Amino acid sequence: MKRFNRLGSLVLAAVLALTGCSSTPPGTGVFLLLDTSGTYAGELDRARSVINYLLGTLDPGDSFGVARIDGGSFSEKDIIMRVTFDSRPSVANDQKRVFMEQVGAFTDTVTAAAHTDITGGVLQAAEWLEEVGPGRRTVLIFSDMEEDLPEGFIRDFPMELEGVRVIALNVTKLRPDNVDPRVYATRLDAWRDRVEAGGGEFTVINDLERLDVALEL
Amino acid sequence: MPTWLMIWPENPALSAALLLVTLILVLYGARAPAHRGIQGVARAINQGCKRVAAALRGVQERLTDRTREVLLSEGLEDTERQIEQEFRRISDAVDRDLGAYPVLHRKLADQVARIDEDYQRVTDTPPAPESWTRTLQAAGELVRQAGDQSAAAKAVDALRTSIEDAHDQAMESYRDTSRERHELLARMVPAWRAMSSTLGRVEQSVAGIFERARHLDELMDRYREIARESNVAERKLATSTLTQFVTASLVLVVASLGGFINFQLIALPMSEMVGATSRLGSMQTSDVAALVIILIEITMGLFLMESLRITRLFPVIGRLDGRTRRQMAWAAFSILFILAGIESSLAYMRDSLAADRAALTQQLAGSTVARPEFMWIPAVGQMVMGFILPFALTFVAIPLESFIHSGRIVLGQVTAGALRAAAFTVEMIGFGADHAGKALNKLYDVVVFLPLKVEELVLTGRERRTRDVAADRTTSTA
């Protein structure tokens, strides 16, 4: 009997070790925000490459969403496509093909927005990622990070970004940045402060070749 | 130096010197108990180490004895199996070749009887007797004496003619009989040849049995040697076991690689069946499912080999009657066959998934999708591998059995060696501690050498004085 008890304990220990309870749920969630403002709309072809790269990298069960940044980005209508890929690889591949076509259709027909509500987009992305609940949450912002809100919009409040990595991609330099580079640095520092104050992590990647290392997907 | 240790903080050198002198005096005062303490600790460590070493040696000896018992017992069992197998072969040979001996005997007897009968029939008929010739000569003489025209001469002549006719007929009949005899002799040749061939077969069978009997004798000698537990037998068995262990390990490594390839073949398509997202601990459920399928295949292979009596890992299966074992073997083979079919289809699905994935990657990269020609070759190759590998893994049972049996002995021998080494190390530690204690005592004396020297001088002086006083007394008495 003692032997069986010992055996049972060993099996239990093995099962516990095997099922090793980690607090982080599996899967990755990525939400990409595309700046469609007049100053940045020309960069959308590069954004398409990034989306294709992400589609090739994400696994079945991962979640991926793409939304545009315009005058009022905290809105469902700005979401171009969002999906949690099926657990079966073949179905996930079909979903990726549809995703690619939808994004292609959007980039072909997009019109330049008058304003740039980045904060609204980030809030929208964080909310969706929270809802989907992946283990790793990443918000990619394909923008020059220059926010230009319409009259009356309120965005100067702390954001809740606990456990979210915010990565600013391809942050182009604007004319004032060229005149005084400190403006560029100040702009990025302001975003870093806002994100980190919300519990998130902020990174800037301008060299898209380094995307795989930075994303750690 | 801390200030609280200084008697004259303004003069550290003097303070240090005083402290040193005090320390040396204290050490000198405590020399005897310190020496005893150091020696006691060293001796205690030495004794403890000796006891631990003795205990380790005891365990090692018990383990060595047990390993030897297992080695000899397995050697005996193995030889018994070989003897049993040899007896079975002889029995099969006897059943096959000599089981039909009564029929063979009857056949030989028939052939001998036929030859004998034919021989009787070919008995030579003697030619016409000499009396006939003499009768004819007497009749000729009578005819000459009586004259040719006499009635008696005519009668005798007629008689002679009749006798000559009868003689001719007899000769003709003799020639016929001789012909018939030659024909019979010609008929006997195949019968002789058949008999010679039959006897040749019998000789071959008997020679085979003799050969097996010789091998059996060798096995019996080995069995006796092992049963006597001789050192020669033990050495032979140990060498054989080590060889088996190494060979089985190598084969198992190769089999593991085969299992790994098998796993790679079915892990990806398994994600289509159980999903790629669920996890069991750090492993994907699809990987676990693929692993389980491979393990089931290996288990079925074990049962199949066990049912066929090729391996003997499960005595319960070995004790089953022949019919049940056959049924079990068929059941294991059927399950293996079904699993091989499943693996084959999974391998095909893997190829399709890989192609789909490649097509998607090309699409995402913006290039046109074109399926290369001859892509069916790897697909077919994977399907064939998926079908064959489960059956190949079945044979893992054979090296596994050798590994388990030889591993027990090799592990015992290695553990015994490690215990022996541990005992030696512990003993050396004890030895070292004892000598370290002695060295420490000497070092202690070096530190307090000055008071010791003084003590020595004092004692020598006292001794000399005592000797002088004794000498003076002796002189005055004289």
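1. In this predicted model, Thr28(A), Val30(A), Leu32(A) and Leu34(A) point to one side of β1(A), whereas Gly29(A), Phe31(A), Leu33(A) and Asp35(A) point to the other, and all of them are buried. Strand β1 covers residues 28-35 of chain A, and eight of its eight residues are buried, so the strand is largely enclosed by the rest of the structure. The criterion for a buried residue here is 20 or more other C-beta atoms within 10 Å of its own.

2. Strand β1(A) has a partner on either hand. With β4(A) the pairing is parallel and extends over seven bridges; with β2(A) the pairing is likewise parallel, over seven bridges. Val30(A) illustrates both pairings: Thr138(A) in β4(A) stands opposite Val30(A), and Phe64(A) is the bridge partner of Val30(A) in β2(A).

3. These strands belong to an open sheet of six strands in chain A, ordered β3-β2-β1-β4-β5-β6, in which the pairing is mixed. The edges are formed by β3 (79-84) and β6 (201-205) of chain A; each has a single partner strand, so one side of each is left without a neighbour in the sheet. On average, neighbouring strands of the sheet are turned by 15° against each other, with direction ignored.

4. Further along the sheet, strand β4 (residues 136-142) of chain A and strand β5 (residues 164-169) of chain A pair in the parallel sense, and six bridges connect them. Within this pairing, Val139(A) has Val166(A) in β5(A) as its bridge partner.

5. Helix α3 (residues 89-109) of chain A lies across β2 (63-69) and β3 of chain A, and runs at about 170° to β3(A).

6. Chain B is described by a separate set of elements. It contains twelve helices and two strands, and from the N terminus on the order is α-α-α-α-α-α-β-β-α-α-α-α-α-α. Of the 478 residues in chain B, 17% are buried. Among contacts in chain B with a separation of 6 or more, 80% are between residues 24 or more positions apart.

7. Of the 18 residues of α1(B), one is buried, so the helix lies largely in the open.

8. Between the chains, 16 residues of chain B are in contact with 19 residues of chain A. On the side of chain B that touches chain A, α6 (231-274), β1 (279-280) and α9 (322-365) of chain B each supply at least two residues. The most is given by α9(B), with seven residues. By class, this side of chain B has five nonpolar, seven polar and four charged residues.

Methods: Residues are numbered from 1 along each chain as its sequence is written. Chains are lettered from A and ligands numbered from 1 in the order in which they are written. This is a predicted model: local features need pLDDT of at least 70, side-chain atom pairs count only at pLDDT 80 or more; totals for chains, interfaces and linings use all residues. Two strands pair if DSSP finds at least two bridges between them. Helices (H or I, at least four residues) and strands (E, at least two) are DSSP runs, numbered from the N terminus. Axes are lines fitted to C-alpha atoms, for helices over the stretch in contact, and angles run from 0 to 180 degrees between N-to-C directions. Two residues are in contact if their C-beta atoms, placed from the backbone, lie within 7 Å. Ala, Val, Leu, Ile, Met, Phe, Trp, Tyr, Cys and Pro count as nonpolar, Asp, Glu, Lys and Arg as charged, and the others, Gly among them, as polar. A residue is buried if 20 or more other C-beta atoms lie within 10 Å of its own, exposed if 12 or fewer, and partly exposed in between; C-beta atoms are placed from the backbone.
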